[in-house]
Amino acid sequence: MIWGIFKRDMCHATRNVIAVIVSMGLVVVPALYAWFNIAASWNPYGNTKALKVAVANNDKGYKSDLIPVRVNVGETIISTLHANDQLDWQFVKSDKAIDGVKSGEYYAAIVIPKGFSADMMTLFSPDIKHAQLKYYLNEKINPIAPHITDQGATTVVNTIDKTFAKTIAQVGLDLASSILHYSQSPQMAEYMRNLNGNLTTMADTLSGASQQVTSYSQLLGSANDIVDSTGKLLASATKAGKQAQNALKQGKSGATSFTSAGANVTSSVNTALDQVSGAFDQVAAKVNKAFDAIGKDSDTAASQLTTLSEQVSSSESLYDTYITSLNHMHESVEQLPDSDSAKQALLEAIDREITLLEAAKGDSQKLAQQLKDASTQVTQDTAAAERSRKEILNRITSAKQSISNVRDDYATNVKPKIDALASTVSTLISQTDSMITQLSGTADDLDDVTGDVGTNVTSIRSTLGAIAKKLDSSAATVKELITKLETGGNAGDGNSDGGDGDNDASSSDSGESDELRALATANASTLSTLISAPVALHRVSVYPIANYGSAMAPFYTILSIWVGAIILCAMLKVTISDREKAHVLGLGDTLPRVAGPSGPGNASRWGLRLDHEYFGRYAIFALLALLQGTLVCLGDMYFLGVQANHALQFLAVGWLAALVFSNIVYTLTVSFGDIGKAVAVVLLVMQVAGSGGTFPIETLPKFFQMLYPFLPFPHAIDAMHAAMAGSYGNEYLLDMVYLALFLIPSLLLGLVLRKPLIRLNNWVSRNLESTKVM
């Protein structure tokens, strides 16, 4: 049944010339669609030289005092662009360039501002400015042109960067070369010797200045210590002065007391000595009286002598009191300053007075003992008593003389010295009090001064220390420069140094000099080019594509095959008439009336089932679709020259895509009629946007990224890419399998799900025909 339907369709398609021409047109039109698009986009970025881009140079250039060479980067850009054929550069004034962009005469314009070179040269100053080009762009002329002109502007910027870096590097290398040649001249050698001498002197001067500053700092440190010590001493003096003032107050009182005590002592001494002397006279009278009574009444005489002995013994306390007073006076005098000339004489006089008192006290003690002994002898021996009488009288006379000596010595030596010392002490205390008062005020004034001086000295020492460090650092830098200059000079002289110990250094310096000489004598242009672009991009293509047309060929080829499927359904009938069914069944020109109304499946009782009708009519669609796929693929490879590393695989993709696409569009049309054709067009539009054929799927909106796996276009395009450039693993086979899987839902719809839709489709068709318009 399927074969019968296909044979009759082929007979009808080739019955006349018009049918053959139309059939050929159905095969050729999709190929033309693909070829025109591929050829039009064959090398669009290689033909950008026709795009007009205006360039206006307003750069005034730049000339510095450091490098007396006029630099004009704008002129360099213009010269470079004259040799650039990427775009159609138009060199005009800035006003015309801007107006041309607005009118559409130019796609874009680049204006170089007046201070462009000056801004570029700020690279060597602390105040760096970013040099900017003004880029004007007309974006309404063409959607792709702005991107192409952007690429041209980027090329200009890169050219500027490279040219600027190359210029600076070349100037630097030329300068280094000139310096190297000049450094080898005799004049330079003389200059270097003078320079080394001056630098050596400078380094010594800096070192000496550093040492002087350090000495000043140390001297100030010592002065600061003295100031601190002085401050402390003054504070101590102030404190001691206050204590001394208190002591002086007490001293004044003591001096007054001392004077009064001296007067009292003098009066007491005189009184006491007079009493003792008078007492000795009384004792002498009583002794004579007692001895006169010896013969008459010896017991009474003995009793009187005993009484006299006790009286004389009791007088010893007067001596002790006087001696104690003198000792106290001795201690007071010892506390006076040693510088006082009267101190020592007074001490000696007091000591002599004490000695005389001790002698007088001894005489009194001896007299008391003799009187006691005489009281015993009176009753025993008269002759011995008389001898005792004489001795006692003599002892009394001696004692009186001792007392007289003490009194005379006190009046002559001790008292005048005590009076003079008291007067001197009083005067000294008054003067010292005035001096301490002045010292206290002076110390208070100097206390503030020493505090400020200490703070200022510390700050000055810190500053001097920093200056000394800077001077040392500067001296070290100058010495290092001298060493480098000497090393450079020795290296420039070669290995003329005959010392064995310097061979290594000379060899090293010679090596450095050779490297510098090689750098300076090399091709400056080559080196500057290397410096301006030190990194070169080595492009390694993985699965390389020959050109942009080949890259776009899979998209346009697959698109044309889908368009061909739509054209087939638009030009060919997808349903079989009852007359054709009758001829296939051998029933004549019409089906029996029992077949029912005309439509799919109405001849099934005679063996022509719905699937026979589906595949029988689809056979001519499949044949023409395969012819479309074959023609477009062969034309891509052998007419346009599209890259195809695997030609058979490329053809296989076209064949499978033709079968899948034609079946999908055929099934939609058979199932839904004209609505199915509209659905096929909608699917075409969706796949043009979401197939990833022009832009990477990752750059598309999220909706298309989600829809991507469920469309046939992406798999067909990927399979064709793999056939053109090579496949990674089973990439090609997997894409072919994914593409073939779309036949399953298409056949399911055409053979199974179509049955319930037949009546609905017939009803829609009748209503559309009733409009007489559709």
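Of the 774 residues of the chain, 37% count as buried, where buried means under 20% relative accessible area, exposed over 50% and partly exposed in between, with a 1.4 Å probe and protein chains only. The model is a predicted one, in which local features need pLDDT of at least 70 and side-chain atom pairs count only at pLDDT 80 or more, while totals for chains, interfaces and linings use all residues. Residues are numbered from 1 along each chain as its sequence is written, and side-chain values use heavy atoms, with hydrogens and water left out.

**Overall organisation**

- The secondary structure comes to 23 helices and four strands, these being DSSP runs numbered from the N terminus, with H or I over at least four residues for helices and E over at least two for strands.
- Among the contacts in the chain with a separation of 6 or more, 77% are accounted for by residues 24 or more positions apart, a contact meaning heavy atoms within 4.5 Å.

**Salt bridges**

- Side chains of opposite charge can pair when their charged atoms come close.
- The count comes to five salt bridges, each defined as a side-chain nitrogen of Lys or Arg within 4 Å of a carboxyl oxygen of Asp or Glu.
- One of them joins the side chains of Glu 613 and Lys 581, at 3.4 Å from N to O; this pair links distant parts of the chain, since Glu 613 belongs to helix α16 (residues 610–640) and Lys 581 to helix α15 (residues 578–585), 32 residues apart.
- Both Glu 613 and Lys 581 are buried.
- Another salt bridge is formed by the side chains of Asp 611 and Arg 609, at 3.2 Å from N to O; Asp 611 is partly exposed, because its relative accessible area is 26%, and Arg 609 is also partly exposed, with a relative accessibility of 43%.
- Asp 674 forms a salt bridge with Lys 677, with the closest N and O atoms 3.5 Å apart, and both residues lie in helix α18 (residues 674–690), three residues apart, which is about one turn of the helix.
- Lys 677 counts as partly exposed, because its relative accessible area is 26%.

**Packing of helices α1 and α15**

- Two packed helices are described by the angle between their axes and the distance between the axes.
- The axes of helix α1 (residues 2–13) and α15 come within 10 Å and cross at roughly 120°, the axes being lines fitted to C-alpha atoms over the stretch in contact and the angles running from 0 to 180 degrees between N-to-C directions.
- The two helices, α1 and α15, are therefore oblique to each other, given that angles under 35 degrees count as roughly parallel, over 145 as roughly antiparallel, 65 to 115 as roughly perpendicular and the rest as oblique.
- On the α1 side, Gly 4, Ile 5, Arg 8 and His 12 meet Glu 580, His 583 and Val 584 of α15.

**Two individual residues**

- Met 637, found in helix α16, counts as buried because its relative accessibility is 9%.
- Leaving aside residues up to four places away in sequence, Met 637 touches Val 642, Ala 644, Ala 647, Phe 650 and Leu 651; Leu 651 is 14 residues from Met 637 in sequence, and their C-alpha atoms are 9.6 Å apart in space.
- Tyr 543 is found in the loop between α13 (524–532) and α14 (548–571), and its phi is near 55°, a positive value in a residue other than glycine.
- Tyr 543 counts as partly exposed, because its relative accessibility is 37%.
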